[in-house]
Amino acid sequence: MADQLIIFDTTLRDGEQSPGASMTKDEKLRIARQLERLKVDVIEAGFAASSNGDFEAVQLIAGAIKDSTICSLSRANDRDISRAAEALKGASRARIHTFIATSALHMEKKLRMTPEQVLEQSRQSVRFARNLCDDIEFSPEDGYRSDMDFLCRVLETVIAEGATTINVPDTVGYAVPELYGQFIRTLRERVPNSDKAIWSVHCHNDLGMAVANSLAGVKIGGARQVECTINGLGERAGNCSLEEIVMAVKTRKDYYGLDVNIDTKHILAASRMVSQTTGFVVQPNKAVVGANAFAHASGIHQDGVLKARDTYEIMRAEDVGWSTNKIVLGKLSGRNAFKQRLQDLGVALESEGDVNTAFARFKELADRKSEIFDEDILALVSDESVTH
Ligand code: KIV
Ligand code: ZN
């Protein structure tokens, strides 16, 4: 049996950290229900200690969602961890996700703490959290830019204290795939008892490599949890996109050899819901969920997909929630696509000669108009055709 890749969605926490993407608790609940429909394994519902509103959102989601683990983020201190535990009380399965920065830059300039203090705080926090919850995730923030020896000491310590998931964030999207994958692998090799925890990747998209880095963390590093968001929403340039990573692992199962629980036919609805809620428009050429992801405009491609869809489609549009693929008629379209559209519209022309005449008119129109709609075609053939 293939290994399982755990999908941890943080749209409602890291996604919401995207400037302008803040959501009400009812909006968050609606999205959480859609994530549950998607069969996301872990939903990070918010950061309970950050505000009363977020506390209530985590509480509401924890009470309503039954099929996914519900997680709250918390800094590595007793107050935050207690708030997270309190908000998660109603959950069927709860996780506390605690973090502290471990890079020299963050420790010195932001936390103003010595490495020894950070190590001690990590130990104390995980020990405290473990008394409140069985499922504890620990993240060394800015982990990828941290000193390897120090990071190994911190991670060894938190695993010994009972952390069950170790997440290694590339907080600022600085990683490149091979190096990030190797980084995770080295950590897993060097940290004693590394097999007592599930290893997780959390990549930001500042250089457009969040998905590629996450995949390398899985393939090279052996991570078995990916943190991601719908539409790649998140701080600055965003996080690893759920729809892209899930479809990459599913489509290339021959290479990754992993199973994911996600019910992919709910992906498009989730994308639309997040886009409408936040007002963040999805670009047309966005993989999987963009309007053009399964659209064909060139005559050669249209002819190909009309004969066999896999000539130019590596996934089925229907598998991610589209009703079908799309043949966009325009100046690049060929006679075959035009004829197929006539047939789909129930238009029968008398002879091939009539088809040729109508096609010539269509091409003339297409030079003036960027997209031809069904109404345009019906108007073009209204004299010669018999419509059924
Ligand atoms: O990017 C990051 O480092 C985070 C952590 C809090 C996990 O979001
Ligand atoms: Zn993040």
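These notebook entries record what I looked up in this predicted model.

**Ground rules.** I number residues from 1 along each chain as its sequence is written, letter chains from A and number ligands from 1 in the order in which they are written. Since the model is predicted, local features need pLDDT of at least 70 and side-chain atom pairs count only at pLDDT 80 or more, while totals for chains, interfaces and linings use all residues.

Over residues 5–268 I read 43% helix and 18% strand, with the end C-alpha atoms 21 Å apart; helices (H or I, at least four residues) and strands (E, at least two) are DSSP runs, numbered from the N terminus.

Around ligand 1 I listed Asp14, Phe99, Ser139, Glu141, Pro169, Thr171, His202 and His204, where a residue qualifies if its C-beta atom, placed from the backbone, lies within 6 Å. This shell has two nonpolar, four polar and two charged residues, with Ala, Val, Leu, Ile, Met, Phe, Trp, Tyr, Cys and Pro counted as nonpolar, Asp, Glu, Lys and Arg as charged, and the others, Gly among them, as polar. The unreviewed UniProt entry places a "binding site" at Asp14, His202, His204 and Asn239. These positions span 226 residues in sequence, yet no two of their C-alpha atoms are more than 10.3 Å apart, so they gather at one spot. I located Asp14 in the loop between strand 2 (6–9) and helix 1.

I looked up how helix 1 (residues 25–38) meets helix 11 (residues 267–278), and their axes come within 10 Å and cross at roughly 165°; axes are lines fitted to C-alpha atoms, for helices over the stretch in contact, and angles run from 0 to 180 degrees between N-to-C directions. The two helices are therefore roughly antiparallel, a term for angles over 145 degrees. Helix 1 contributes Glu27, Arg30, Ile31, Gln34, Leu35 and Leu38 to the contact, and helix 11 contributes Ile267, Ala269, Ala270, Met273, Val274 and Thr277, contact meaning C-beta atoms, placed from the backbone, that lie within 7 Å. By class, I noted eight nonpolar, two polar and two charged residues in this contact.

Methods. Parallel < 35°, antiparallel > 145°, perpendicular 65-115°, else oblique. Contact = placed C-beta atoms within 7 Å. UniProt positions renumbered as here; feature names shortened; annotations may be inferred.
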